[in-house]
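Student: Could we go through this structure together, one question at a time?
Tutor: Gladly, here it is.

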Amino acid sequence: MPVFVHRRQHGPVHCTELHNVYFRFPLAFLTPDEGKLKPNSTKFSRNSDSRCNKMHQPLSLFDKWIQENNELVNKWKEQEGGGDTLTRDQNQNHTRLIWCSSEFHKLLRKIQGIPPSTDHTQLELTVVYNACVCLIAQSQFSEAESLLTQATQRVLQMTGDGSFASDPPVFWKTALKSVGNTALNPCVMYLFCLQWAIWLATCKLQTIQELQDELLFVFETLSSGVREEERSVPRRKSSDIPLPVMEQRRLIKLIHICTFIAQGAELLSEGRSSEALSGLQSASSLPAPRTLISYTHLLSGSCLAHMSRPQMALQCYRMALETDSQCVCALYQSMLIYRQLGNTQAEIQALRLLHSTLMLPSATEASPASSDLLPSSLLLQTLSLSRLLSVPSALSVLHSLALKCVLHERVSDGVEYYLDLLAALHSEDQPGVHAEGPSLPKLPELYLQAGAALLMARRPADCMALCDEVITTTLELLPGKVVLKEPEECEAETRAVCAEVEDRVGMLLWVGAAYLLQGHCYTHLRDWKQAVTTYTRCLNLLVKVRFKKRGFQPQIPSADMVGMQGTDLCILQRLKGLSLAGRGISFTQTDQLREALRDLQLSIQAFPEGTGAGLWCGEVLWRLGRKREAVACWEKTWSVTPHFSVQSLSVYLQEPQSGPLLDSTELHRRIEELTST
């Protein structure tokens, strides 16, 4: 060593001598100061060997490691900026992440092969930071957490604190306290921020709550204190500084607002709306990507909706949309508020806008808050937040829009939406067809709803075509007999058996409903003979269903059993009542009054809420000269209170508005005349 020191302190150094010194003392065994030639302390003679002018100054290991780290970072950023994040091939992106992570680990093993010093440790922690960012981006949270813990333990060994707590909150409190007054404090804080990100991504909000004070201190320190410290330190060349693969300040801001959002969603799900609202309103003023700011407005609106402040909730949803026009969750929540308020026109308008937005290609793509390695979607994975951000698929929204229009006297619009829906279901190229969301009704159900809408729009031929499709594809699968059982008996059987029975009942009811709609179509066309035939086909199917009480033999269902069995039996009785009513009304048009009275009375027994059957039964009695009975029948019909609202029923189960109708005013006039005489 004395020759080398002597040469650095006195006079010019010849190239050949410098070469010999470096070969006598390999870099791996030199200290950082010995391994690095300082330009200000080493002067080359202008008259030295010409070969010396061609040689570059050798780099120390420390500089080589910095250079290797920076080359990896720059290569990643060049590849990342080479294309649109949303359209880049995800498999290729994953391959790059694996490669970067592997290279950072190789570099880390080199650095950890020598005893730690302050400069080396700062470089080591930067490389650890970069490797962990790559691991977290691949959702390898346990590997990243292990690497963070090992690196922090090395720092604690260097500071003389050899006691390591197994409990993560205690461990990180100790680590932050140990390096609090050292140059390694910012580096350890950055690692702590990555641990914070892992807790967010793995939904460990309780751990974050335990370290709330430390997290706030780290955020404030790194946002303000470190910035001032950096200004006071003389600037070094960028090549002398190890670069992070993701800017630390951006990471800090990202995890800070994501914490507010995740905690707010959790508090909201627990019913602590006012507490959640306070934190979310504070977060809305933080510097963050538009997507995350829109989430704070969205969740604030949800809090206000739970606090029964719908108008203020609508204002928050509007702010969310103004902040990020792709925040379809806010549009969906606005629609729900309009539905709650009973504002049908605003609800339909919101459904239209929501469907148009969901059909855009960008709405079906995952849209991270930025092009960083760690998108917000990776850090916001709590179940409570996922529920609040969930939006139905474009087809589900289109179905709701079609049904809402049909039920609120906008039948022509509803028909077009139903036809668009059926066309989209048969096309795999439509955007949003395979999007996640609540499942649609099964295809036969949609055909029947569309058929009913077409009949309301006075298009019986199109309605019959859709019903034919249901009948031809399902009729051969129908069972010879179906037995419905009480819920207690069904629970005792296996799920497979219950599901098989439900499927068979469902198919039978679909075909029965298709025949019912076709009967309505023939009634609309005034083809009474064909109407009677079609209604009879429906009834012949429905009588195949039997209901079995515990301890009794299967029997034909009746109206008083509806509450015992539920939906299937309710639909069965409604179909039976409407079919009998339709056939009875058809008989009245051909003056077959005895047959008409029989069917109409049976219809009232099966479906007491049927208005059409009651009114026409009174009409038949009037024609038969039994006027007192007719008046009693009409008055009883008008006094019946329906158990179900019209909107809660499938559109094809509603009483037809076409065909022969009775004028209530005329009936009241008859009653007055009879009473006066």
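Student: Leaving aside neighbours within four places in sequence, which residues is L454 in contact with?
Tutor: Let's first say what we are looking at: this is a predicted model, where local features need pLDDT of at least 70 and side-chain atom pairs count only at pLDDT 80 or more, while totals for chains, interfaces and linings use all residues. Residues are numbered from 1 along each chain as its sequence is written, and side-chain values use heavy atoms, with hydrogens and water left out. Contact means heavy atoms within 4.5 Å. By that rule, the partners of L454 are V415, R459, D462, C463 and L466.

Student: Is L454 buried or exposed?
Tutor: L454 belongs to helix α23, residues 443–456; helices here are DSSP runs of H or I with at least four residues, strands are runs of E with at least two, and both are numbered from the N terminus. Buried means under 20% relative accessible area, exposed means over 50%, and partly exposed is in between, using a 1.4 Å probe and protein chains only. The relative accessibility of L454 is 3%, so this residue counts as buried.

Student: How many helices does the chain have, and how much of the chain is buried?
Tutor: Two strands accompany the helices, and the helix count is 33. The chain has 677 residues, and the buried share of them is 48%.

Student: How are α31 and α32 oriented to each other?
Tutor: Two packed helices are described by the angle between their axes and the distance between the axes. Here axes are lines fitted to C-alpha atoms, for helices over the stretch in contact, with angles from 0 to 180 degrees between N-to-C directions. The axes of α31 (residues 611–623) and α32 (residues 627–639) come within 7 Å and cross at roughly 170 degrees. Angles under 35 degrees count as roughly parallel, over 145 as roughly antiparallel, 65 to 115 as roughly perpendicular and the rest as oblique, so α31 and α32 are roughly antiparallel.

Student: How do the residues of the contact of α31 with α32 divide into nonpolar, polar and charged?
Tutor: Among the residues meeting there are L615, C617 and L621 in α31 and A630, V631 and C633 in α32. Ala, Val, Leu, Ile, Met, Phe, Trp, Tyr, Cys and Pro count as nonpolar, Asp, Glu, Lys and Arg as charged, and the others, Gly among them, as polar. The contact of α31 with α32 has nine nonpolar, four polar and three charged residues.

Student: How many aromatic pairs does the structure hold?
Tutor: Rings of Phe, Tyr and Trp (its six-membered ring) pair if their centres lie within 6.5 Å; planes under 30 degrees apart count as stacked, over 60 as edge-to-face and the rest as tilted. With that rule, the number of aromatic pairs is four.

Student: Which parts does the pair of W172 and F192 tie together?
Tutor: The rings of W172 and F192 are 5.5 Å apart, centre to centre, with 45 degrees between the planes, a tilted pair. W172 is buried at 2% relative accessible area, and F192 is buried at 0%. Since the two residues are 20 apart in sequence, the pair ties together helix α9 (residues 168–178) and helix α10 (residues 185–201).

Student: Is the pair of W622 and W634 stacked or tilted?
Tutor: W622 sits in helix α31 and W634 in helix α32, twelve residues apart. Both W622 and W634 are buried. Their ring centres are 5.6 Å apart and their planes at 25 degrees, so this pair is stacked.

Student: Where is S139, and what is its phi?
Tutor: S139 is in the loop between α7 (118–137) and α8 (141–158). With a relative accessible area of 39%, S139 is partly exposed. Although S139 is not a glycine, its phi is positive, about 65 degrees.
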